[in-house]
Amino acid sequence: MTEAPAISARGLRRVFGNGVVALDDVDFDLHRGEVVSIVGPSGSGKSTLIASLNGLETPDAGEITIAGERIPLGRERVWRRVRQEVGMVFQDYALFPHLSVLQNMTLAPVRRGRMRRAEADGLAMDLLARVGLAAKAHARPIELSGGQQQRVAIVRALAMRPKVLLFDEPTSALDPETIRDVLEVMQSVARDGMTMAVVTHELGFAREIADRLVFMADGRVIEEGRPAALLDNPRTQRLADFLRHLLHR
Amino acid sequence: MNLLYDNRTLLLAGLGTTLQIAVVTLIASIVIGVTLGVIIGMTEGHWVRRPIRGAVELLRAVPLIVNVYFVFFVAPQLGIALSPYMAAVVSLSLWGGANATEIVRGGLQAVPRHQRRSARALGLQEWEVFLLILLPQAMRSVLPALAGLMTLLIQSTATASLVGVPEFLQISRLIVERTTVMDGIDPSFGVYGFVLLIYFVLCSPLTALSRALERRLARQAGRPVAEDAAQQAAALPALS
C-alpha cells in the first residue's frame with residue numbers, strides 16, 4: 001500500500017423503493033490522477049454509483065473512503081464537506097438560470113469560504129477563457145447553447161478547485177456537433193492531471209483519454225481493465241453484446 | 001352626478017376602507033403564503049405538511065362568503081369577539097393566504113429537481129440551496145400569479161359588506177337605499193355604474209401587470225415553469 005486512493009468504495013449495495021437493485025456489491029477505486037470511464041447499458045447502476053461517491057445517493061450498505069478517510073453513509077454534514085473536494089457535472093448541465101455565468105461559478109467557492117470574491121472572480125474568468133467563453137461571463141445560462149452550458153458546468157465545478165471530478169453522462173443531452181467541444185474540455189482537464197470518473201457512452205473518449213474502463217450491468221461491475229484491451233477483446237459476452245449494440249445504434 | 005358629488009366624503013371613506021382591507025389582507029396573504037408554501041416545499045414526506053395542506057384545501061374549497069360568515073358569527077362563540085372589519089380582514093387573509101400558499105408551493109415544485117441536486121453537489125448547505133437557488137427561481141414564476149391574487153383580493157373585499165363593514169360597496173348601497181326612500185327616485189344605475197367603474201379602474205392595471213409579468217417570464221425562461229405559473233394564475237378559484 002502506497003498512497004490511499006482518492007476514492008475507494010467496497011461492497012456498495014443500493015435497492016430502490018421499487019425493488020430494482022441499482023448496486024449489487026460493487027467495489028470501485030479511483031486513484032489520484034486517474035481517469036476512469038464507466039460504461040454500461042441504462043439501468044446498469046453506473047449513475048447511481050458515481051452519485052454515491054459524493055453522497056448525492058446514499059447506498060444501503062457498503063463502505064466509502066475518500067483520500068483514506070471513511071465517510072459514514074448518509075451523514076449529510078460530512079458529505080457536504082466531501083462535495084467541496086469531489087465535484088460533479090450532470091447530464092442536464094443544471095446551471096442556475098437566475099444567475100449570470102460568472103455568479104454560477106463563484107457562488108459556491110465564495111460561500112464555502114474557499115476563496116475571496118476577487119480571487120473567485122479571477123479564477124472564474126481564467127477558466128471561462130480557457131473554454132472560450134470569457135465573453136459570456138455576464139450572460140444568463142438561457143442565452144447559451146447546450147454545449148456552452150455544459151462547458152460552463154464543467155468550469156463551475158472546477159472553480160471549487162476540487163480534487164476529484166465526477167461526470168454523469170456529460171454529453172448525452174447534447175447535439176452531435178457540440179459534443180466534441182465538451183469532450184475537448186474534458187480531455188484538457190484530464191491532461192492537467194485531474195482525477196476523474198466519467199459515466200459516458202463516448203467510447204472514443206474512453207479509449208483515448210481514460211486510463212481504465214469499467215463495464216457495469218445489472219448493478220455489478222462485469223469487467224474492468226485497460227480501455228483498448230477491453231474494447232478490442234471483451235472477455236464477457238455481456239460486454240461484447242453491449243459494444244455491438246452501441247456501434248449499431 | 002350630483003348625488004355622487006354630494007356624498008363624496010362618504011364614498012371616499014368607503015373606498016379608503018376597501019383599499020385598506022385589500023392592502024392589509026394582501027400583506028397577510030403573502031406572509032402566510034410564503035411561510036406555509038416554504039414549509040410545505042421544504043418538508044417533503046413530513047407529517048407537518050398534512051395539517052397545512054388540509055387547511056389550505058378547506059379554505060380553497062369553501063365559498064369565501066361562508067368563510068366570512070363563519071369567522072364573524074362563530075368566533076364570538078369561541079370567546080373571540082371580532083369587529084366586522086377584523087372579521088373581514090381575518091377571513092380574507094386566511095383565504096388569500098391559502099391561495100398564496102398554493103401558488104408558492106406550485107412555484108417551488110416547478111423548479112426542476114436537478115437544480116437542487118447540482119446546488120448540493122457544489123457543497124451548498126440545505127438552507128443556501130433553498131434560499132439562494134430554489135426560492136428565487138420559484139418567486140419569479142410566482143409573481144404573475146401573486147399579481148392575479150391581488151386582483152382577486154380587491155374584488156373579494158366586497159364580501160366585507162355582508163357583515164356590515166362600511167367599505168365602498170356597502171356605502172354605495174346605503175346611498176342608493178337612502179335616496180330611494182327619502183327622494184323617491186332609484187339612482188341604482190348611476191351609483192352602481194360608478195362602483196363598477198371604480199373596481200374596474202382598480203383591478204384592470206393589476207390584471208395587465210400580471211399578464212406582462214407572465215409574458216416577461218415566458219420570454220426570459222422559455223421553459224415549462226412559465227406555463228405552470230400561468231396555469232397557476234388561471235387556476236385560482238372563481239369568487240362565489
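This is a predicted model: local features need pLDDT of at least 70, side-chain atom pairs count only at pLDDT 80 or more; totals for chains, interfaces and linings use all residues.

Reply: Residues are numbered from 1 along each chain as its sequence is written, chains are lettered from A and ligands numbered from 1 in the order in which they are written, and side-chain values use heavy atoms, with hydrogens and water left out.

Helix α3 covers residues 101-111 of chain A; helices (H or I, at least four residues) and strands (E, at least two) are DSSP runs, numbered from the N terminus. Because 8 of its 11 residues are buried, α3(A) is largely enclosed by the rest of the structure, where buried means under 20% relative accessible area, exposed over 50% and partly exposed in between, with a 1.4 Å probe and protein chains only. Those buried residues are Val101(A), Leu102(A), Asn104(A), Met105(A), Thr106(A), Leu107(A), Ala108(A) and Pro109(A). They pack against α4 (117-130) and α5 (146-158) of chain A, and also against α7 (126-156) of chain B. Just after α3(A), Gly113(A) has a positive phi of about 70°.

Contact, meaning heavy atoms within 4.5 Å, involves 25 residues from chain A and 22 residues from chain B. Together the two chains bury about 2100 Å², 57% of it on carbon and sulfur atoms; buried area is the accessible area (1.4 Å probe) that two parts lose on being put together, summed over both. Between chain A and chain B there are 3 salt bridges, a salt bridge being a side-chain nitrogen of Lys or Arg within 4 Å of a carboxyl oxygen of Asp or Glu. In one salt bridge, the side chains of Arg112(A) and Glu128(B) meet at 2.7 Å, N to O. On the side of chain A that touches chain B, the elements that give two or more residues are α2, β6 (86-89) and α3 of chain A.

Helix α2 (residues 76-85) of chain A lies across β4 and β5 of chain A and runs at about 125° to β5(A); axes are lines fitted to C-alpha atoms, for helices over the stretch in contact, and angles run from 0 to 180 degrees between N-to-C directions. Since Lys163(A) lies in the loop between α5 and β7 (164-168) of chain A and Glu85(A) in helix α2 of chain A, the pair ties together parts that are 78 residues apart in sequence. Lys163(A) is exposed, with a relative accessible area of 56%, and Glu85(A) is partly exposed at 26%.

The helix α4, against which α3(A) packs, has a link of its own: Glu119(A) forms a salt bridge with Arg161(A), the closest N and O atoms being 3.4 Å apart. Glu119(A) lies in helix α4 of chain A and Arg161(A) in the loop between α5 and β7 of chain A, so the pair ties together parts that are 42 residues apart in sequence. Glu119(A) is partly exposed, with a relative accessible area of 40%, and Arg161(A) is partly exposed at 46%.
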